Amino acid sequence: MDPTPVVWLRAARAAMVWRARPGWRAATIYLRLVGWIVRFPPDVVRFLYRHGRTWKETFGRSYLQQAGDMCVIAFTNALMPRDYYRCDIARKRNTDAFFHFVPYGLTATPVTVISAASSDGNLATIGNKWALGKKLAESGIPVPATYALVHGTSSVAPDGSKPVLPETDLLVKPAAELQGHGVSVWRFDNAAKRWSNGQQSLDVQEFFAELGRRSEKMTGGAIVQEVLRNHSDILPFAPYALSTFRVETMIDETGDPTVVICQFRTAVDPASVVDNFHAGGYMFLVDTERGCFAEGHHGRYSSEPVLMHEHPVTKAPITGETVPGLDDVLALAIEAHRLFPELPCIGWDIALSDKGPVVIEANVPPGLQPTQQVSMGGFVQTRCMELLGYHAKRWIEENEPPQSRFRVGAKRTAPGRK
């Protein structure tokens, strides 16, 4: 019987970690394992104290059963106690789905290593919003209008000239940070000719000076872009900050990009300028086959283990509703991935804006924590896992010697690994 995709993925990750720590440095691997074992019992007690009562009332699992669950998933899924409470794995006890959740590192490490080995610089491009925006724009992929990159006292426009800011609302964000950190919106007062973020009111010279100060704390500097707004068709589901679809694309067995996961994020705070899950936004799975929203959840699942079916503020129904512009959003993600054919997996943030679908940014690897696997009912049985296993197997076959212990399911000429 051939190994499953998750087995190939685990084998590839183990081989990659082992390669990164050759010789005596392998001791660090064992030290980390010892640290994990030592930390595990206190973590069980700590998280059981924090969330045990809620889990008992919600899922009917006693404290002893919860402790048992955490031990099982630790040795079968490699999930820590906090992961147990971050997803609805307790709801799936005594079913095969109990084993369908995986830790973030299991997918992140192989995707990062494979991408870095074959990207020829494009992995760095994906990680820098300024560089990515220029590459996409030059290739005809719609992106937000970008006016400047500011770093300290220097600033430059995308064409290399001195930037000129339009008299309109502007969005400022770090060039190379994640999860919506450091993003701010500046509203333009046409009468006063000044930009304001609600705390400061600045003219153009003061604005550049303020951006210079802020950019020194931002990785890669500060990007200045236009402020996009949600398309009218998406407003019932996203009435506040610009909402994005996280579309994960992967290179399939034929070498073409395909959509494997699509999730929709919506802000629930009228004052928020981002929709990010880690910034309090809600995430709804998108059923791409039926073209509708599925169930959603939030980042506080540990304390409030409920699935969402409507916008928590406006009470507008979301689950089961048709997703506006979905075909265009998915097609744009595939078109963008074709510019990076050597990268096996990319997570695209695409907004259905008042100007149509627009690529906001991209991530390699895409963040897929256990919490974000809740609405998809687990991860192991998805097309994404199938393709991750495919790429992991290819990497092992191309990089591991015939006698390698990591060639799972294969006949080896000798035990062990060189």
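Two strands pair if DSSP finds at least two bridges between them. Strands (E, at least two residues) and helices (H or I, at least four) are DSSP runs, numbered from the N terminus. The structure is a predicted model: local features need pLDDT of at least 70, side-chain atom pairs count only at pLDDT 80 or more, and totals for chains, interfaces and linings use all residues. Residues are numbered from 1 along each chain as its sequence is written, and side-chain values use heavy atoms, with hydrogens and water left out.

**View 1. Strand E3 and its two partners.** Strand E3 spans residues 170-174. On one side, E3 pairs with strand E7 (residues 222-226) in the antiparallel sense, over 5 bridges. Here Val-172 stands opposite Val-224 of E7. E3 also pairs with strand E4 (residues 184-189), again in the antiparallel sense, over 3 bridges. Ser-184 is the bridge partner of Val-172 in E4. In a regular strand the side chains alternate between the two faces of the sheet. Both faces of E3 are covered: Leu-170, Val-172 and Pro-174 are buried on one side, Leu-171 and Lys-173 on the other. That makes 5 of 5 residues of E3 buried (under 20% relative accessible area, with exposed over 50% and partly exposed in between; 1.4 Å probe, protein chains only).

View 2. Strand E1 (residues 146-151) is joined to E7 by 4 bridges, and the two run antiparallel. Val-150 stands opposite Ala-222 of E7.

**View 3. Helix H2 against helix H3.** Two packed helices are described by the angle between their axes and the distance between the axes. For H2 (residues 27-59) and H3 (residues 63-76), the angle is about 135° and the axes are 9 Å apart. H2 passes H3 in a right-handed crossing. A crossing is right-handed if the near helix is turned clockwise from the far one by less than a right angle, and left-handed if anticlockwise. H2 makes the contact with residues including Trp-36, Phe-40, Val-44 and Leu-48; H3 residues include Tyr-63, Met-70 and Cys-71. By class, the contact of H2 with H3 has 10 nonpolar, 3 polar and 2 charged residues. Ala, Val, Leu, Ile, Met, Phe, Trp, Tyr, Cys and Pro count as nonpolar, Asp, Glu, Lys and Arg as charged, and the others, Gly among them, as polar.

**View 4. Helix H1 against helix H5.** H1 (residues 5-20) and H5 (residues 104-118) pack at about 65°, with axes 9 Å apart. H1 passes H5 in a left-handed crossing. Among the contact residues are Val-6, Leu-9 and Met-16 of H1 and Leu-106, Val-113 and Ile-114 of H5. The contact of H1 with H5 has 7 nonpolar, 3 polar and 2 charged residues.

View 5. Strand E8 (residues 244-251) and strand E12 (residues 345-353) run antiparallel, joined by 7 bridges. Trp-348 of E12 is the bridge partner of Val-247.

View 6. In E10, 5 of 6 residues are buried. E9 and E10 pair in the antiparallel sense over 4 bridges, and Tyr-282 of E10 is the bridge partner of Thr-266. Gly-280 is found in the loop between E9 (257-266) and E10 (282-287). Gly-280 is partly exposed, with a relative accessible area of 31%. E10 and E11 form a hairpin with 4 residues between them, and Gly-291 in the turn has a positive phi of about 75°.

Note on methods
Axes are lines fitted to C-alpha atoms, for helices over the stretch in contact, and angles run from 0 to 180 degrees between N-to-C directions. Contact means heavy atoms within 4.5 Å.
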